[in-house]
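Here is a predicted model to look at. The questions below ask what each label rests on.

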Amino acid sequence: MTMKDVAIIGVGLHPWGKFPEKPWTQMAKEAIDEALADAGVQWKDIGFVISGSQLWGGRKGIYSGTYTEEVMGNIGLPVVNVNNACATGGTMLTVAAMAVASGAADLVLAVSADKSAKGFFPALPVYHEEPVPSDDTLRWNMGLPNPVYWALEMRKRMLKYGDTEEHLAKVKVLMSKHGKLNPKARYQREFSLEEVLASAMVTDPLRLYEICATSDGAGAAILCSKEKARQYTSKPIYMMASALGSPLYGDPTARIPVVSITPKPGVPVISESWVAAHRAYEEAGIGPEDIDFVELPDNSAWHVLQYIETMGFCGEGEACACLDRGDFAIGGRIPVCPSGGFSSFGEATMAQGFAQLYEMVLQLRGVCGPRQVEGAKVGMSEVYGAAGNNAAIILRK
Amino acid sequence: MGENKQVLIGENLFDMSGGEPALIVTHCKSCGDYFFPKTFTCHNPECKEKDVEDTLLSRRGVIENYSIMNYPPPPPFVAKDPYEPIVCAAVKFPEGIVIIGMMENMTADQVKIGMEVEVTVGTLYTNKNGEDIIAWKFKAV
């Protein structure tokens with residue numbers, strides 16, 4: 001069995017937002033219950049758990065899967081806790097697919113629930129306990145939250161390709177048009193261009209509405225072999241690729257949390273994402289022209305412009321021309337984030353990949369109603385994490 | 001810098017022995033690459049020998065790119081009240097390495113790409129114990 005012989009038979013998604021009274025374990029349970037019902041299986045049928053959570057919800061997040069197993073009812077399941085920063089959601093699916101493909105269990109559950117700090121993500125709670133300061137402790141002391149890194153990359157594009165502040169605002173407008181149609185999104189309303197351009201400049205050239213909020217969220221998925229999928233469901237979705245990536249030496253990007261770069265000619269920007277996307281195409285045996293829609297990690301409007309190029313949906317420097325043409329709208333050449341993206345959800349770090357997965361599965365089942373991408377047969381997602389973590393997934397119906 | 005006790009954000013980041021601050025970097029004698037902060041090995045996967053030494057970086061570089069922090073950074077940074085926007089710059093040095101740092105005494109309308117700057121040392125913020133947190137910074141030449 002290979003990764004291509006793996007199917008997704010159930011998905012669940014807790015809505016995204018702020019739920020200060022609700023522990024992350026409760027959010028995880030709600031997502032799991034939805035996924036179990038969707039797959040038509042019971043908790044006791046699960047044979048393996050993959051989980052991951054950031055520490056905002058408390059130190060228990062380190063062993064999120066183990067605690068989630070307890071909440072669902074301890075049945076002695078093997079549990080793997082995963083941490084690949086904000087790329088953990090996608091990473092968990094890769095590990096879950098490996099668990100299915102290896103025969104470790106018939107039914108594998110991947111689950112993530114995450115709480116987020118308000119406003120800019122500050123240093124994690126363990127920050128003050130680091131015995132030797134790393135570049136991560138340096139950057140927090142210097143006052144470098146994540147959006148500064150994205151702003152630095154965006155300014156490079158403005159210089160190199162002539163991208164404008166208006167293009168950034170147009171990205172937000174587009175994401176909000178998709179997000180307003182998604183009942184699981186946190187922000188279900190359309191933003192106007194004027195309103196986005198009037199929002200506060202946060203890390204120049206990125207404005208408040210062009211940077212995703214920080215949210216609480218949870219998601220779950222149940223995977224099994226392609227061969228067995230039909231025993232459980234009439235609507236399995238099949239995995240074509242699930243690829244991880246890390247950076248190439250000489251990457252010119254100031255990736256979170258570095259304070260220096262040793263750039264080399266010819267190395268792509270956000271190389272970890274380039275690597276994962278191209279590895280996924282190779283695994284799937286298809287190219288960007290075969291993808292019907294994409295869920296990409298729009299932590300900021302910059303990410304949309306950059307990922308479209310990094311994932312090969314247009315040439316270098318062409319993203320804004322495609323945006324202006326309407327290519328990224330539902331009904332356009334390559335719909336981008338029909339879910340509304342991080343822009344409409346806010347980011348729940350490690351759980352974020354599940355918001356993408358949920359949308360991909362629903363789109364491929366053809367049940368997205370007013371935001372349905374007509375005739376969607378193949379979808380792709382990519383998540384991006386600090387330190388150069390990345391995961392790219394391609395699914396088909 | 002004022003009367004407050006000064007606390008460095010990390011050890012072995014810069015050297016003041018020449019009178020003027022210079023950043024301490026690791027230079028790989030085998031492949032020629034530079035790393036900051038200093039490290040114990042060369043990170044170049046193509047480099048076999050990885051024969052590294054610590055050295056001082058050129059004091060002057062050119063602003064390759066910048067952003068303005070218009071919002072107060074999150075903890076542990078303690079922002080001034082009222083907050084004054086901070087200019088963050090990515091500076092390219094003759095050795096080829098790009099280093100990120102905050103600009104000293106520079107406002108948003110003064111920063112320009114291509115501007116020549118030099119390494120300095122200054123206060124990032126004053127913490128709740130009244131200590132000045134000190135780091136490398138850049139200033140216009």
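Q: How many residues of domain 1 of chain A are in contact with domain 2 of chain A?
A: 35 residues of domain 1 of chain A are in contact with 35 residues of domain 2 of chain A. Contact here requires that the C-beta atoms of two residues, placed from the backbone, lie within 7 Å. This is a predicted model, in which local features need pLDDT of at least 70 and side-chain atom pairs count only at pLDDT 80 or more, while totals for chains, interfaces and linings use all residues. Residues are numbered from 1 along each chain as its sequence is written, and chains are lettered from A and ligands numbered from 1 in the order in which they are written.

Q: What are the two domains of chain A?
A: The assignment gives domain 1 as 3-117 + 216-237 and domain 2 as 134-213 + 240-396. Such bounds come from an automatic or database domain assignment. The centres of domain 1 and domain 2 of chain A, taken over C-alpha atoms, are separated by 24 Å.

Q: Which elements make up the side of domain 1 of chain A that touches domain 2 of chain A?
A: β1, α3, β4 and β7 of chain A each give two or more residues to that side. Helices (H or I, at least four residues) and strands (E, at least two) are DSSP runs, numbered from the N terminus. The largest share, eight residues, comes from α3(A). By class, this side has 17 nonpolar, 14 polar and four charged residues. In that count Ala, Val, Leu, Ile, Met, Phe, Trp, Tyr, Cys and Pro are nonpolar, Asp, Glu, Lys and Arg are charged, and the others, Gly among them, are polar.

Q: Why is Ala243(A) called buried?
A: A residue is buried if 20 or more other C-beta atoms lie within 10 Å of its own, exposed if 12 or fewer, and partly exposed in between, with C-beta atoms placed from the backbone. Ala243(A) has 23 C-beta neighbours inside 10 Å, so Ala243(A) counts as buried. Ala243(A) sits in strand β8 of chain A. Leaving out residues up to four places away in sequence, Ala243(A) touches Ala276(A), Arg279(A), Ala280(A), Glu283(A) and Ala392(A).

Q: What makes β11(A) and β12(A) a pair of strands?
A: Two strands pair if DSSP finds at least two bridges between them. Eight bridges join β11 (378-385) to β12 (389-396) of chain A, and the two strands run antiparallel; by the rule of at least two bridges, they therefore pair. Glu382(A) stands opposite Ala392(A) in β12(A).

Q: Why do β3 and β10 of chain A stand at the edges of their sheet?
A: The open sheet has nine strands in the order β3-β2-β4-β7-β1-β8-β12-β11-β10 (chain A), with mixed pairing. β3 (79-81) and β10 (293-295) of chain A each have a single partner strand, so one side of each is left without a neighbour in the sheet. Neighbouring strands of this sheet are turned by 20° against each other on average, direction ignored.

Q: How does helix α13 of chain A run relative to β11(A)?
A: Helix α13 (352-365) runs at about 175° to β11(A), where angles run from 0 to 180 degrees between N-to-C directions and axes are lines fitted to C-alpha atoms, for helices over the stretch in contact. The strands that α13(A) lies across include β1, β12 and β10 of chain A. Helix α3 (88-101) of chain A runs at about 165° to β4(A).

Q: Which residues touch the most other members of the largest nonpolar core?
A: Ala96(A), Ala110(A), Ala221(A) and Leu223(A) do, in a core of 172 residues. A nonpolar core is a set of buried Ala, Val, Leu, Ile, Met, Phe, Trp, Tyr and Cys residues joined through C-beta atoms within 7 Å. The core draws at least three residues from each of domain 1 and domain 2 of chain A. Among the residues that Leu223(A) touches are Val6(A), Ile8(A) and Val100(A).

Q: How many residues does each chain give to the contact between chains A and B?
A: Chain B gives 35 residues and chain A gives 32. On the side of chain B, the largest share, five residues, comes from β6(B). That side divides into 27 nonpolar, seven polar and one charged.

Q: What joins β9 of chain A to β8(B)?
A: Two bridges join them, and the strands run antiparallel. Ile261(A) stands opposite Val98(B) in β8(B).
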